[in-house]
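The sequence and the coordinates are shown first.

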Amino acid sequence: MDGAIASATDDARNGADWKVGVDIGGTFIDFCALEAKSGRVASLKVLTTPEDPGAELMTGLALLAEREGFDPTRTTRFVHGTTIGINTIIQRKGAPLALFTNAGFEDVIELARLRMPDMYSLFCARPDPLIARDMVFGIPARMRADGSESRAPDMAAVESAVAAAKANGAQGIIVAFLHSWRNAAQEAAVKAAIARLAPDFFVFTSAEVWPVIREYERSSTAILNGYVHPRVARYLTALEARLKDRGVPARPMLTKSNGGLMNAAEGKRACVNMLLSGTASGVIGASWLARQAGEDKVLTLDIGGTSADFALIIGGEAQFGTGELIGEFPLHIPSVSVSSIGIGGGSIASVDAQGVLRVGPESAGSTPGPACYGRGGEQATVTDAMVVCGWLGHSEMAYGQLRIDTGLAHRSVGELAARLGRPVEQTAQAILDIAVSEMFVEVEKLASRAGVDLRDFTLMPFGGGGPMLGAFLARELGMKRVLAPRRPGVVSALGGLVADLRGDFIRTIFSPLTGASLSMIREAFEALAQEGRDWLAAQGHDAAAQLCLSCDMRYVGQSYEIEVVLSPKWLAEGDMTAIEQAFHRTHERLYDFHDPDGAIELVNVRLSAIGAGPTLSFPETDEIDAPAAPVRRLPVYTGLSVQPVDLHDRQNLVPGSTFSGPAVVVQEDTTFAIPAGTQARVDRHLNLLLTFPE
């Protein structure tokens, strides 16, 4: 400790440059602080405070200063990811809203796409909308599909609807009219009228949030934005004030669902862009680590207290898409493609009325947490099962903030064992087996949708719980390699440090792909490019920008389109053949067929404006072949019997260290459980590489 503080004092004297990434999860808030000039990395975990979001941030910064000599006044980059938006939706604690839409279309959010949530269940039900039916008001108005006005909005109806919304307790209004993607004038006029009639309301229009064709997708995205707006805006305002009081000069940046960054001022308005910030940030951090290690194909496994998140990294890059679920609702803006399941370290195990053992999706969270935390939790969780089997409980957790009580873990799992009539160790192992099998099913779905063979991929587990179960999942999936980073518990916070500024922009054109449509694509690209440059300038980025162009296209007669990456060079040269061939190739890759003679339809033009973040690098060390010496041996129930297992301290493992499983590796932010037959080696980046026998 004294050495770290002395080193930090030297850093400050020499003009230290601290860059801080912070990510708030369901149980912990993670910190990753890099002193850029020396390359020194400090990391930390602090338990969250659900009753006072943001208080744990100040606690963590104070601990970094105390333990690592972090100097807040020399912070040049501060990036923050938070779950406050998604938690607001999941817990349904958002703002009371009213929806103004076209008369006759008041059921737009209830009808949605008329799809059953589970086509194999006769008893499934769609979630209740975030806006109740009596808070939806139809306004006589109509815009034609070509953007011409058929009927101007009835302002008397707007005034009546505003009065009714206010009487019903609304705090904000969403305005979503037909065809506003083509012409947003009617939405803008109604918004201006609401501002005059009720200046205390906040108002969002669907076209300003995400101007895309299809009224349900556009409306629901705007509703999500408005639903979380008050809580997010209050949180970010308090965040800015707290950082200012702490002496942090850097303007806070926020991680976005698309894996990029934006400033806090925009985050207060464009709240929908940060709903998946934490999960996306983890994948961006993992992508950076994968590139550093030379890994081309990676399956990420991020296990926290409440969920397990999976994503694919191909060619060293995260994969993107639309339609990710936010709780029970689809998000239709570009985001890092992540699949989630309600299995985490805090997932509660229970026995149902039929005597069947189940795990999750309910979680003990951070308060009270798993029983073994000694914070009042009494129900058995996945973490308690790991303790009972002997994989956990041999060192302090979360940088010394938690001490495992093995007696409490045995008591909680023992109650389930008594109900099942099985030994306590077998019950604990059954909990772990169920957790792994639930994740297995979700990962197989992801692989099938992406059309990949996971045997060609390396698993990268991170988060506090990823290393606990990652190797067991990889083995079940038939994967041959696991790559565990040096500080897996703070990979999401690292993602904020290495992320770029990234803004996504869209124009709907909706036209046959012919020579005549080339000029429309070119005009849309030029307009979006200027919009992207202006956005980057507003974020404070004055360097060169990377502009990535793509189009949503489909064969005529298809209902939905696919995104196709295009080269601006093709537009400049008028190369329609190149654009058509790009679509055919993409369709072939996704669906294993294409129609070279099929007519193509253009739907949307998309552009991503990217401002490169700072170039960071961590120290590397040459590998020296050396068998690792275990700290001691300990008894672990490995599934069939209790066996002696080597315990290693991650601090003692140097590049080139090797050992075999079964083994346990303990460190500040997590614990690795390594099954039998596994070969382990530490690489020059201090990653722990596990390989399984053929």
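The model is a predicted one, and the description begins with an open sheet of four strands in the order 6-5-9-10, whose pairing is parallel. Its edges are formed by strand 6 (136-139) and strand 10 (202-205); each has a single partner strand, so one side of each is left without a neighbour in the sheet. From one strand to the next, the twist averages 20 degrees. Strand 5 (residues 97-102) and strand 6 run parallel and are joined by four bridges. Within this region, Leu99 stands opposite Val136 in strand 6. Helix 5 (residues 155-167) lies across strand 5, strand 6 and strand 9 (172-175), and the helix runs at about 170 degrees to strand 6.

Strand 30 and strand 31 (residues 642-649) run antiparallel, with six bridges between them. Leu634 is placed opposite Val645 of strand 31.

Both parallel and antiparallel pairing of strands in a sheet proceed through backbone hydrogen bonds. A further antiparallel pair consists of strand 25 and strand 28 (residues 600-611), joined by ten bridges. Here Ile506 faces Arg606 in strand 28. Strand 25 (residues 501-512) is mostly covered, since nine of its twelve residues are buried.

**Helix packing**

| Helix pair | Angle between axes | Distance between axes |
|---|---|---|
| Helix 11 (residues 382-389) and helix 12 (residues 406-420) | about 110 degrees | 9 Å |
| Helix 10 (residues 277-293) and helix 15 (residues 491-498) | about 75 degrees | 7 Å |

The angle of about 75 degrees between helix 10 and helix 15 makes helix 10 roughly perpendicular to helix 15. On the side of helix 10, the contact is made by Gly278, Ser281, Gly282, Ile284, Gly285, Ala286, Trp288 and Leu289, and on the side of helix 15 by Val491, Ser492, Leu494, Gly495, Gly496 and Val498. By class, this contact of helix 10 with helix 15 comprises seven nonpolar, seven polar and no charged residues.

For the other pair, the angle of about 110 degrees means that helix 11 and helix 12 are therefore roughly perpendicular to each other. Their crossing is left-handed. Helix 11 contributes Asp384, Ala385, Val387 and Val388, which meet Thr406, Ala409, His410, Ser412 and Val413 in helix 12. The contact of helix 11 with helix 12 contains five nonpolar, three polar and one charged residues.

**A loop residue**

Where is Gly478 found? Gly478 lies in the loop between helix 14 (466-477) and strand 24 (481-484). The relative accessible area of Gly478 is 30%, so the residue is partly exposed; that class lies between the limits of 20% for buried and 50% for exposed. Gly478 and Arg455 are 23 residues apart along the chain, and their C-alpha atoms are separated by 5.9 Å.

Methods:
Residues numbered from 1 in each chain as written. Predicted model: local features only at pLDDT ≥ 70, side-chain atom pairs only at ≥ 80, totals over all residues. Heavy atoms only, no water. Buried < 20%, exposed > 50% of the residue type's maximum accessible area, 1.4 Å probe, protein only. Helix = DSSP H or I, 4+ residues; strand = E, 2+ residues; numbered from the N terminus. Pairing = 2+ DSSP bridges. Axes fitted to C-alpha atoms, helices over the stretch in contact; angles between N-to-C directions. Parallel < 35°, antiparallel > 145°, perpendicular 65-115°, else oblique. Left-handed = near helix turned anticlockwise from the far one by under 90°. Contact = heavy atoms within 4.5 Å. Nonpolar A, V, L, I, M, F, W, Y, C, P; charged D, E, K, R; others polar.
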